[in-house]
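I worked through the structure below one item at a time.

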Amino acid sequence: MISKLLAEKFIEQVTEYTSYNVNIMDEDGVIIASRNSERVGQYHEIAYRIVHGEEDIVDTTTIEQFPNVLPGINMVIEMDGRREGVVGLTGEPEEARPVAMIVKMAIQSMLRYEKQQEKARLRENRKERFIHMLTEVEYADSQEIRELAEELGYPEERIRIPILAIMDGVNASDFLVHLKKSPYHTLKDVSLALDEKRVIIFKTMPDTVSELFSDYKYIVGEYLSPVLRWMKENDTQAKFYIGSFQDSYARYYYAYRHCRWLQEYIKTEGSSVFFYDHVGEYLHFITPMRDMANMFYIFESKFPEGKIDDFIETVGALIRNNFNFNKAAQELFIHKNTLVYRYNKYKELMDIDPVAKASDRSFLESFYTYLYRKRNKYNI
């Protein structure tokens, strides 16, 4: 079906290049666009006959005149074997025929382009709906998700890993364009801009267990490398938060939440953060605050006045740097001896030795998480 808007736009363009009166009729034989605006809306008998008959071209100077039909040449407009409408040029048929043929071909080209664009828009809308259900709806209709996935060509049984990319100095749409140019991007990889600064990617992983577990960081790095080179050339950056493996669409919601947790909680100078490097911290964070308060309230209440914030800052730096005192001191911009002094005070107060004993380190990390969550009103 030829849209009236498309026909009007075409008439506007074509009248700049020819003096012929051009009419475009729809499948009902109604003139929907014309250089002569007075003819718009009139019924064109010959156009109707062409659309619903077998004639491709009708010379209206050689047949009995019909109402609202002027001498000229009329040609069928076809798309994928279907008769969509008619284009007509008023004038001497032999002179108008070559022009009419060019106009017909131009309209059909525009229709093909519009159809391709509409198909792309529909796919993008389905894709947006698909991603929304995967990332924002905890108990989404699994049947609807699978139907959308099938339409989009994304097999569920493949293992994928989510990558949340946060842009800095580059538009998410531009990032996606260059990402999809990567030789490592496949049709099974799901990617979409969530907004101007965020892109979510569900990267398809290899089927073999050895490659999956041993090489997944390398695979993600290789996948991102072309777009990272492009960003470096353009002096822009992005941060990447890589979540958990999943092979069921019902679990993608949680995989995306793992990315969001990394973004909110894990602070690092590196450009990529992997969820499986922080599983222990995540488990501390998903423990209900009521349970943590029942465990640690007394320890908190016995801390010296005004020292909780210093504890959070100091222990947080030690945890992030795997209890490397030199690196933790550098992060805190303090002398190593100052850090050691603070640490020894905490050891003495709680009678623990996190460096020597794994159980004490687990205790300290859990207590730190409780205080951090309480101070930052962070609840999962």
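Entry 1. I looked up Lys 374 and found its side chain in a salt bridge with that of Glu 300, at 3.1 Å from N to O. I placed Lys 374 in helix H13 (residues 358-376) and Glu 300 in helix H9 (residues 289-301), so this pair ties together parts that are 74 residues apart in sequence. I noted that the model is a predicted one. Lys 374 is partly exposed at 38% relative accessibility, whereas Glu 300 is buried, with a relative accessible area of 12%.

Entry 2. I then examined Arg 320, which forms a salt bridge with Glu 331 at 2.6 Å, N to O. The pair links helix H10 (residues 308-320), which holds Arg 320, to helix H11 (residues 325-332), which holds Glu 331. Arg 320 is partly exposed at 40%, and Glu 331 is partly exposed at 33%. I also recorded a network in which salt bridges with shared partners join Glu 27, Arg 82 and Glu 84.

Entry 3. I turned to the packing of helix H5 (residues 172-179) against helix H6 (residues 209-233); the angle is about 125° and the axes are 9 Å apart. The two helices are therefore oblique to each other. H5 passes H6 in a right-handed crossing. On the H5 side I listed Asp 174, Phe 175, His 178 and Leu 179, and on the H6 side Tyr 223, Leu 224, Val 227, Trp 230 and Met 231. I classed the residues of this contact as seven nonpolar, one polar and one charged.

Definitions and conventions:
Residues numbered from 1 in each chain as written. Predicted model: local features only at pLDDT ≥ 70, side-chain atom pairs only at ≥ 80, totals over all residues. Heavy atoms only, no water. Axes fitted to C-alpha atoms, helices over the stretch in contact; angles between N-to-C directions. Helix = DSSP H or I, 4+ residues; strand = E, 2+ residues; numbered from the N terminus. Parallel < 35°, antiparallel > 145°, perpendicular 65-115°, else oblique. Left-handed = near helix turned anticlockwise from the far one by under 90°. Contact = heavy atoms within 4.5 Å. Nonpolar A, V, L, I, M, F, W, Y, C, P; charged D, E, K, R; others polar. Salt bridge = Lys/Arg side-chain N within 4 Å of Asp/Glu carboxyl O. Buried < 20%, exposed > 50% of the residue type's maximum accessible area, 1.4 Å probe, protein only.
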